Each structure stands twice: as structure tokens, then as C-alpha cells.
Amino acid sequence: MDYCDFANSLPPDSDDPNRHYHDHQYGFPVDDDDALFGRLILEINQAGLNWTLMLKKQEAFQTAYAGFDIAKVAAFDVQDIKRLLNNAGIVRNRLKINAAIHNARAILRLQAEYGSFKNWLDAHHPRDKAAWVKLFKQHFKFVGGEIVGEFLMSTGYLRGAHDECCPIYRQTLAAGAKWAETV
């Protein structure tokens, strides 16, 4: 069986976290709002850096951002921002930190209207990447084409997470990847 080119390039005995992410998370649907929010935080923080770093810092991000609890992050104040800016375990970028707090508050508004962040995503599916980017920019901060595209591919809303020859591709289909509804 062939895996995606990137996964094939990783040695089988590698401790590189990308292999686990590729095989168990990337492209699979995510139903939990806090988990979706966590993925969005990681995608935003990856901008200008690399995904391997985000995976290695994922636990530190989860701890720093209250377990990715949307309501708790939405309530972050100036002291929390200072705490995050001093946390060497995460990306200490004021714009990205402020975006996470802003986006948590935006998700709370979407949850009030749609019942959940996932319901909001589902209500706007299907869309092409350009339409998704436009929609995200109406609600969120620090979301460009790459961030939105990767977030949606990684959570099963946009095609492209895996090559069709990759066995994980079929697993994402079996798990109910939303993009498959449009094929």
C-alpha cells in the first residue's frame, strides 16, 4: 500500500509526530467544538512556522489555552495574555494570541445561533475553498487561505488531506469526511 508522499518520506521508526497525525487525525471528521477550536488555534499558530513544531507543542498549547475550552478562552483577559506571552512552550505572538481569544468569542456567538461550531460548519457545507475563506474572514481573525484550507482539510470538510492511493484516504471516507458528500 502506498501512503501519501509525505508519510512515505518518514522513516517507519521515526518519532516524528507527523506520522501519527497523518494516520489518526489528518482528514478525519471532528465532532467536538473544543477540538475544532484547538485545531484552529494550531493552524493559526503554524503560520510562518512548520506543522511539526505545532504537533510537538500541541500539549503545551492545550494546557496554555485551558484545554481548548472555548468559553474559558473567550473569558481570557489582560493577565491571561501576559501569561501566554511569557509561556515558552507555545508560540508567543501577540497577534495570534489575540486572534485565539477573539475567535473563541466568535465561536460562542456561532454556538448561540447554530447550537455548535460544528453545526455552523455543517450549515455552510459544501463550499469551495475561496468561499470558505471569505466566510471565515467575516467571523474570525488571522485566517487566510492557507490556514482556512488546512483547517478544513484536516477536519474533513475539504478534499486533499490524503492521496487516493493512501489507505488513510479510505479510512477518512469510512469515518464520514464531509467532502465525500460532494463527490
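Author: Helices (DSSP runs of H or I, at least four residues) are numbered from the N terminus, and H3, spanning residues 33–46, gives the largest share of the lining of the second largest pocket, five residues. The model is predicted, so that local features need pLDDT of at least 70 and side-chain atom pairs count only at pLDDT 80 or more, while totals for chains, interfaces and linings use all residues. Residues are numbered from 1 along each chain as its sequence is written, and side-chain values use heavy atoms, with hydrogens and water left out.

Reader: What makes the second largest pocket a pocket, and which residues line it?

Author: On a 1 Å grid over the protein atoms alone, a pocket is an open set of points where a 1.4 Å probe fits, with protein on both sides within 12 Å along at least five of seven lines, and a lining residue has an atom within 4 Å of a point. Gln25, Val30, Asp34, Ala35, Gly38, Arg39, Leu42, Gln58, Gln62, Gly67 and Phe68 form this lining, and the elements giving it two or more residues are H3 and H4. Its volume, taken as the space filled by probe spheres set on grid points joined across faces, edges and corners, is about 150 Å³.

Reader: How do you know how the lining of the second largest pocket divides into nonpolar, polar and charged residues?

Author: Ala, Val, Leu, Ile, Met, Phe, Trp, Tyr, Cys and Pro count as nonpolar, Asp, Glu, Lys and Arg as charged, and the others, Gly among them, as polar. By that division the lining has four nonpolar, five polar and two charged residues.

Reader: What is the volume of the largest pocket, and which residues lie nearest its centre?

Author: The largest pocket has a volume of about 360 Å³. Its lining has 17 residues, of which Phe6, Asn18, Tyr26, Trp51 and Glu150 lie nearest the centre, and the elements that give two or more residues to that lining are H1 (5–8), H2, H3, H4 and H10. The lining divides into seven nonpolar, six polar and four charged residues.

Reader: Why is Leu40 called buried?

Author: Buried means under 20% relative accessible area, exposed over 50%, and partly exposed in between, with a 1.4 Å probe and protein chains only. Leu40 has 1% relative accessibility and therefore counts as buried. Leaving out residues up to four places away in sequence, Leu40 has contacts (heavy atoms within 4.5 Å) with Asn103, Phe136, Val143 and Phe151. Leu40 and Ala100, 60 residues apart in sequence, have C-alpha atoms 8.4 Å apart.

Reader: What makes the pair Asp23 and Arg19 a salt bridge?

Author: A salt bridge is a side-chain nitrogen of Lys or Arg within 4 Å of a carboxyl oxygen of Asp or Glu. The N to O distance between Asp23 and Arg19 is 3.1 Å, so the pair qualifies. Asp23 and Arg19 are separated by about one helical turn, because they lie four residues apart in helix H2 (residues 17–24). Asp23 counts as buried at 15%, whereas Arg19 counts as partly exposed at 24%.

Reader: How do you know that Lys118 and Asp122 form a salt bridge, and how many salt bridges are counted?

Author: The closest N and O atoms of Lys118 and Asp122 are 2.8 Å apart, and the count by this rule comes to seven. These two residues also lie four apart, in helix H8, and are therefore separated by about one helical turn. Lys118, at 14%, is buried, while Asp122, at 23%, is partly exposed. A network of salt bridges links Lys118 and Asp122 with Asp31, Lys178 and Glu181.

Reader: Why are the phi angles of Phe68 and Phe142 worth noting, and where do the two residues lie?

Author: Most residues other than glycine have a negative phi, and most peptide bonds are trans. Phe68, not a glycine, has a positive phi of about 60° and sits in the loop between H4 (51–64) and H5 (70–74), buried at 6%. Phe142 likewise has a positive phi of about 60°; it is found in the loop between H9 and H10 (145–154), partly exposed at 32%.

Reader: How do you know that the bond joining His125 and Pro126 is cis?

Author: Its omega is about 0°. Pro126 belongs to the loop between H8 (117–123) and H9 (129–139).
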